[in-house]
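Colleague: I have the file open. Walk me through this model, please.

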Amino acid sequence: MHKAIHTHRAPAAIGPYSQAIDTGNLIYTSGQIPIDPSTGQVVSGGIQEQTAQVLENLKSVLEAAGSGMEKVIKTTVFIKDLSDFPAMNEVYAKYFHEPYPARSCVEVNRLPKDVLIEIEAVALK
């Protein structure tokens, strides 16, 4: 049986999905976008500010599930412009340490609310 995870420390789902699902051993998060949960608005700034907010939101969801950033085993990064890849990596590296999670990164045409980045994760409980 799996359990839906919800926290007010991350943006509420904007559709029929859960912030994360706890399967007992693994946590699967929905993609997080750079919305400040206290205002409900996209954070101002560029890719670095947006990446930091996304990772803070992801951290909050994982903590609500009894996990954490150190337990992430895989991420998927959806980025609007791959030329932002180096700047995104600078921020990303502050949240993850060796052994780094496996990762996929794909450039996409458009993301919800026209943000620059979205990240989802799979983590151990």
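**Loops, strands and a helix**

Colleague: Where is Lys-113 found?

Modeller: Lys-113 sits in the loop between β7 and β8. Strands (E, at least two residues) and helices (H or I, at least four) are DSSP runs, numbered from the N terminus. Bear in mind that this is a predicted model, in which local features need pLDDT of at least 70, side-chain atom pairs count only at pLDDT 80 or more, and totals for chains, interfaces and linings use all residues. Residues are numbered from 1 along each chain as its sequence is written, and side-chain values use heavy atoms, with hydrogens and water left out.

Colleague: Fine. What phi does Lys-113 have?

Modeller: A positive one, about 60°, although Lys-113 is not a glycine. Most residues other than glycine have a negative phi.

Colleague: And Asp-114, what phi does that have?

Modeller: Asp-114 has a positive phi of about 55°, and is not a glycine either. Asp-114 lies in the loop between β7 and β8.

Colleague: Why does Asp-114 count as partly exposed?

Modeller: Because its relative accessibility is 42%. Buried means under 20% relative accessible area, exposed means over 50%, and partly exposed is in between (1.4 Å probe, protein chains only).

Colleague: Now the strands. How many bridges join β6 to β7?

Modeller: Six bridges link β6 (residues 72–79) with β7 (residues 102–107), and the two strands run parallel. On the way from β6 to β7 the chain passes through helix α2 (residues 85–95), making a right-handed β-α-β crossover. Right-handed here means that, with the strands pointing away from the viewer, the path from the first strand over the helix to the second runs clockwise.

Colleague: Which residues in β7 do I look at?

Modeller: Ser-104 in β7 is the bridge partner of Thr-76, and Glu-107 in β7 stands opposite Ile-79.

Colleague: And β6 with β8, parallel or antiparallel?

Modeller: Antiparallel, over seven bridges, with β8 covering residues 117–124. Val-72 has Ala-123 in β8 as its bridge partner. Two strands count as paired if DSSP finds at least two bridges between them.

Colleague: On to α1. How many residues has it?

Modeller: Helix α1 (residues 47–64) has 18 residues. From its first C-alpha to its last, α1 reaches 26 Å, close to the 26 Å expected at 1.5 Å a residue. The expected span is 1.5 Å times one less than the number of residues.

Colleague: Which residues of α1 are buried?

Modeller: Among them are Ile-47, Val-54, Leu-55, Leu-58, Val-61 and Leu-62. The buried set also includes Gln-50, Thr-51, Gln-53, Asn-57 and Ser-60.

Colleague: What comes just after α1?

Modeller: Gly-66, which takes a positive phi of about 80°.
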